[in-house]
Amino acid sequence: MKLSQLHHATLLPDLFHLGPDIEITGITADSRNVVPGSLFAALSGQHAHGSQFVSKAVTAGAVAILHDGSIQLPSDLAQWIHPDPRRALAHIAAAFHDHPARQLRMIAVTGSNGKTTVAAMVESILLAGGITPGVIGTTGVRYPGMKQITGMTTPDPITLHHTLREMVTHGCTDVIAEVSSHALTQFRTDGIRWEGAAFTNLTHDHLDYHGSMENYWQAKQSLFLTAPYPARAVINLDDPRGAELIRQVSAMGIPVSGFTLDHRKQADFLASDIVLDWKQTRFWLKSPGHPVLVTLKAGGRFNSANALTAAALCWHLGLREEVILAGLNAFRPVRGRMEPIDVGQPFTVIVDFAHTPDALERLLITAREISPDGRRLLVFGCGGERDTGKRPIMGAIAGRLANETIITDDNPRSEDPEAIRQAIQVGLKSVQGDFTEIGARDQAIGYALSRAKAGDVVLIAGKGHETEQITATGSHPFDDAQIVRDYLGK
């Protein structure tokens, strides 16, 4: 595509073109991926600025550079200048792939916890309705004929629009995307109009990146309050910020529904008479239509909230009650999300992704609700180079709600693993929690399993679906669920 054609398709009035009108064969923001004919986006990052790599990109064959105007380049090199190259890149990537999002019904889920499960529930409902969906999220990308782990909740815009084009090609009509706060602040989804958008909750997470809860909240809000606005919205009224967000969205004339687990609140969607065990949750789903009894093949009260989110989204998209019910009843848990591991042992083992204070607390409360007479043995750690402030908070939660905590490593990356474990201990000691420290995660899991007795619950939290442990020496194969099966199978 010629730069002039791309410029016209992008429709950004403050994007300026200098130099020759040259053919573009690809787009990248990584100089290592430049091939002859590439447009190279020189973006500012946390550790470096793309301007440092322009020379390398040109040597590799880049024929045009997107930048913020601060770089002096030869006049015979094509340039695109925009005050915010990240935002421009999202629009350029969409135009380069002929705006695939416009050919799809785009559905967004944002929030600290629950995004992956909600996306999978919406997927199950759409399939029950005979619709072909694609999913983009924490556990990867999937659509007919493709299932791929990506390592990023919301891809960069170049990857995102390439993926959306592939989904169109493979017959998808709808896409459910988990939209992270990082993606929103970096404009990765800028310009996409969402047919439906859901807010699950806001809890302590990513403060190493956002700096404060208020900044984190502003990022999440922007999905609903930034043009192009979503056509419909679904908001969690059990989150302290839910009522505020509903008022803001309603004031903009966007159809919006609230959902709640609290029968004292007024909401369009309510889960009542919840009955829990480790393998399923039964509840009455009350909606603007007729109440229906849902049997969800997933444990945990919070999964009732996830189901309400999915049901409300799909109701707003026009799906019938019987299709929503069929989809929820057909749903099967996402790997590593409240995943029971059962090889015939007399106690319960659950592998879960809980890696935030709120998610860990909900996991432990669920264990207390479902197995009130058993001990709760918790194995967890905290990731390195991530939100250091949550470590003692999670330690205190573990100390209050677990009968015994085994502190271990969870992707320490380049940080000192012992220092991370010590920070968790601060919280445990503050509430006089009973704990053991075992750095090697496989040994920590084995220790917890060896301590479990009939009726107990062993909770292995933090990594969930992940199949690698990331340390200072690189990534190494590691799967919590497989470790459990190997130990119990001996």
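This is a predicted model: local features need pLDDT of at least 70, side-chain atom pairs count only at pLDDT 80 or more; totals for chains, interfaces and linings use all residues.

Visitor: Left-handed or right-handed crossing for H13 and H14?
Guide: The crossing of H13 and H14 is right-handed.

Visitor: Which residues make that contact?
Guide: From H13 the contact takes Arg391, Pro392, Gly395, Ala396, Ala398 and Gly399, and H14 answers with Ile420, Ala423, Ile424, Val426, Gly427, Leu428 and Ser430. By class, the contact of H13 with H14 has eight nonpolar, four polar and one charged residues.

Visitor: What about H3 and H5, at what angle do they pack?
Guide: Helix H3, residues 85-96, packs against helix H5, residues 157-169, at an angle of about 25 degrees, and their axes are 8 Å apart. That angle makes H3 roughly parallel to H5, because angles under 35 degrees count as roughly parallel. H3 passes H5 in a right-handed crossing.

Visitor: And who touches whom there?
Guide: On the H3 side the contact is made by Leu89, Ala90, Ala93 and Ala94, and on the H5 side by Pro157, Ile158 and His161. In the contact of H3 with H5 there are six nonpolar residues, one polar residue and no charged residues.

Visitor: Next, H4 and H11: how far apart are their axes?
Guide: The axes of helix H4, residues 115-128, and H11 are 7 Å apart, and the two helices pack at an angle of about 125 degrees. That makes H4 oblique to H11, and the crossing of H4 and H11 is right-handed. In the contact, Met121, Ser124, Ile125 and Ala128 in H4 meet Val323, Ile324, Ala326, Gly327, Leu328 and Ala330 in H11. The residues of this contact of H4 with H11 divide into eight nonpolar and two polar, with no charged ones.

Visitor: Changing topic, how many cavities of 30 Å³ or more are there?
Guide: The structure holds two cavities of 30 Å³ or more. The largest cavity has a volume of about 60 Å³, and the second largest cavity has a volume of about 40 Å³.

Visitor: What lines the largest cavity?
Guide: Its lining consists of Phe269, Leu285, Ser287, His290, Val292, Trp315, Glu321 and Ile324, which by class gives five nonpolar, two polar and one charged residues. Ile324 of that lining is also among the H11 residues that meet H4.

Visitor: And the second largest cavity, what lines that?
Guide: The second largest cavity is lined by Gly381, Cys382, Thr408, Asp409, Asp410, Pro412, Pro417, Ile420 and Arg421. Four of these lining residues are nonpolar, two are polar and three are charged. Ile420, one of the lining residues, also belongs to the H14 side of the contact with H13.

Visitor: How much space lies in the second largest pocket?
Guide: About 400 Å³ of space lies in the second largest pocket. Of the 18 residues that line this pocket, the closest to its centre are Leu261, Arg301, Phe302, Ala305 and Arg362. Helix H10 (301-316) and helix H12 (357-370) each supply at least two residues of the lining, and the lining residues divide into five nonpolar, eight polar and five charged.

Visitor: Last topic, the backbone: where is the cis peptide bond?
Guide: A cis peptide bond joins Ala227 and Pro228, with omega of about -5 degrees, and Pro228 has its place in the loop between helix H8 (213-225) and strand S12 (233-236).

Visitor: And what is phi for Met338?
Guide: Phi of Met338 is near 50 degrees, a positive value in a residue other than glycine. Met338 is found in the loop between helix H11 (321-330) and strand S17 (339-340).

Visitor: Why point out these two features?
Guide: Most residues other than glycine have a negative phi, and most peptide bonds are trans.

Conventions:
Residues are numbered from 1 along each chain as its sequence is written. Side-chain values use heavy atoms; hydrogens and water are left out. On a 1 Å grid over the protein atoms alone, a cavity is a set of points where a 1.4 Å probe fits but cannot get out, and a pocket is an open set with protein on both sides within 12 Å along at least five of seven lines; lining residues have an atom within 4 Å of a point. Grid points are joined across faces, edges and corners, and a volume is the space filled by probe spheres set on the points. Helices (H or I, at least four residues) and strands (E, at least two) are DSSP runs, numbered from the N terminus. Ala, Val, Leu, Ile, Met, Phe, Trp, Tyr, Cys and Pro count as nonpolar, Asp, Glu, Lys and Arg as charged, and the others, Gly among them, as polar. Axes are lines fitted to C-alpha atoms, for helices over the stretch in contact, and angles run from 0 to 180 degrees between N-to-C directions. Angles under 35 degrees count as roughly parallel, over 145 as roughly antiparallel, 65 to 115 as roughly perpendicular and the rest as oblique. A crossing is left-handed if the near helix is turned anticlockwise from the far one by less than a right angle, and right-handed if clockwise. Contact means heavy atoms within 4.5 Å.
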